[in-house]
Amino acid sequence: MLAGRAVEFAQPGRLRSDPLNLAGRARRRESAITASISVSPFRPKTVIIGAGVMGLGIAWRLAQAGCSVAVYDRAEAGRGASWAAAGMLAAAVETEPGEQALLALTLESQRMWPYFAHELEAVSGISVGYRDEGTIVVALTRDDAEQLRFTFDFQKSLGLDLEWLSGAEARRREPHLRPGISGAVFSPRDHQVDNRRLARALAEAARKAGAALYEHNPVREVEITGGRITAAVTEHHRERADVIVLAAGAWSREIAGIPAAHLPLVRPIKGQMLALEMDPANPLLHHVVWLPRGYLVPRRDGRLVVGGTVEERGFDDRITAGGLLALIEGAWRAVPGIEELPVAETWVGFRPGSRDDAPILGPSGIDGLVVATGHHRNGILLTPLTAGTISDFVLTGQLPEAVRPFTPERFSDNGRHFGTTVGYDIAAEVR
């Protein structure tokens, strides 16, 4: 879906309340969608802070629309949370009870993914490793099965496309699962993408569309004059801007010049992960497999991604023995054959977590400053939707109905700081 296309969704419910749940529970239903094309002559000079998949995706769409776009990042493009992710597109297995509003977003973005991947590959010339085998959620014990059956019933009540499997049926799909597992759920629409290839493809697509990308060049300060954005300042350069999009993930609160009341409420949520080396010609797994604690994501090149811890440790980037032990032990209990696999890599990432574990999208309350952060575990999944809706908002000042519950306004004092942005009076649009 190209920038400029707005979408309408089913009426949302309350937001997620527990940002520390590792695996997530509950599942999905299809949303009602009414698509329309928004056209505006406004082509603002835009600076994007952050070259993860959010910033790069927004840059690509805005450059496609004819905007002058500059993207700045503190490090190499795509090397933050985007690089550390597992690439799961898990609108079903990541959704928890009470998340109807977030579910509407994740389902719509999941629906967008096949076309988004096809378009991005055609433009960039880089395969993003989109795979559609589906996802299996495994119960290892009777207690696991009782919990899984409860969430399965909840998922089915939402009209989600899921299938209950016996242990034997699950092992027919994935023969290397441990014998004797108690049951499983198959989710045919929860797919995966190679997040590292995705970041490279988005960077290339943005460049080809005309966006300028400045790596290892952090924006240190935002200039605000007369209540609106005027420029972004780096160590050696001042970039004038009509609009600044703050998409710096867990680092989004570290930009000077933005009043504290308008900084997005995000924090780093540490995740330790590792990758094992399978034989690409004879991999242990073909599907994404969710475990009672963690998940396994097979890649076509033979890598098996094992993730991921969820830790409130700030920006502590140390790999710990306890973290690796938890990952390996959890994976081994489900797939004993991993004990023979070499360890290819270990790493730490920092998910941008918000107060309610949902994304923060839209007007900041300062004219010309737009926010796109706080995606936590759903960043890769929500990339197409975020790129489309935020670029559309920059161009038109309009947000789809389903995105409005996710503006920064929800954390403000009755939204009194929120009004106009990017040259449009949209007070009514974000109430």
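Predicted model: local features only at pLDDT ≥ 70, side-chain atom pairs only at ≥ 80, totals over all residues.
Reader: How many bridges pair strand 11 with strand 12, and which residue is the bridge partner of T225?
Author: Strand 12 covers residues 228-233, and its antiparallel pairing with strand 11 runs over five bridges. For T225, the bridge partner in strand 12 is R228.

Reader: How many bridges join strand 15 to strand 19, and which residue of strand 19 is the bridge partner of L274?
Author: Strand 15 (residues 266-277) and strand 19 run antiparallel and are joined by eleven bridges. Strand 19 (residues 343-354) is mostly covered, with nine of its twelve residues buried. Within strand 19, L274 has as its bridge partner T346.

Reader: Is helix 3 roughly parallel or roughly perpendicular to helix 8?
Author: Helix 3 (residues 100-124) packs against helix 8 (residues 383-396) with the axes 7 Å apart and at an angle of about 95°. Angles of 65 to 115 degrees count as roughly perpendicular. Therefore the arrangement of helix 3 to helix 8 is roughly perpendicular.

Reader: Which residues make this contact, and how do they divide into nonpolar, polar and charged?
Author: Helix 3 contributes L105, E108, S109, M112, W113 and F116, while helix 8 contributes T383, P384 and L385. By class, the residues of the contact are six nonpolar, two polar and one charged.

Reader: Where does D194 lie, and does it count as buried or exposed?
Author: D194 is in the loop between strand 9 (191-192) and helix 6 (195-209). Its relative accessibility is 15%. Buried means under 20%, so D194 counts as buried.

Reader: Which residues does D194 touch, leaving out those up to four places away in sequence, and which backbone nitrogen lies 3.1 Å from a polar atom of its side chain?
Author: With residues up to four places away in sequence not counted, D194 touches V128, G129 and R299. A polar atom of the D194 side chain also lies 3.1 Å from a backbone nitrogen, that of R196.

Definitions and conventions
Residues numbered from 1 in each chain as written. Heavy atoms only, no water. Helix = DSSP H or I, 4+ residues; strand = E, 2+ residues; numbered from the N terminus. Buried < 20%, exposed > 50% of the residue type's maximum accessible area, 1.4 Å probe, protein only. Polar contact = N/O pair within 3.5 Å; in protein donor to acceptor, adjacent residues only side chain to side chain. Contact = heavy atoms within 4.5 Å. Pairing = 2+ DSSP bridges. Axes fitted to C-alpha atoms, helices over the stretch in contact; angles between N-to-C directions. Parallel < 35°, antiparallel > 145°, perpendicular 65-115°, else oblique. Nonpolar A, V, L, I, M, F, W, Y, C, P; charged D, E, K, R; others polar.
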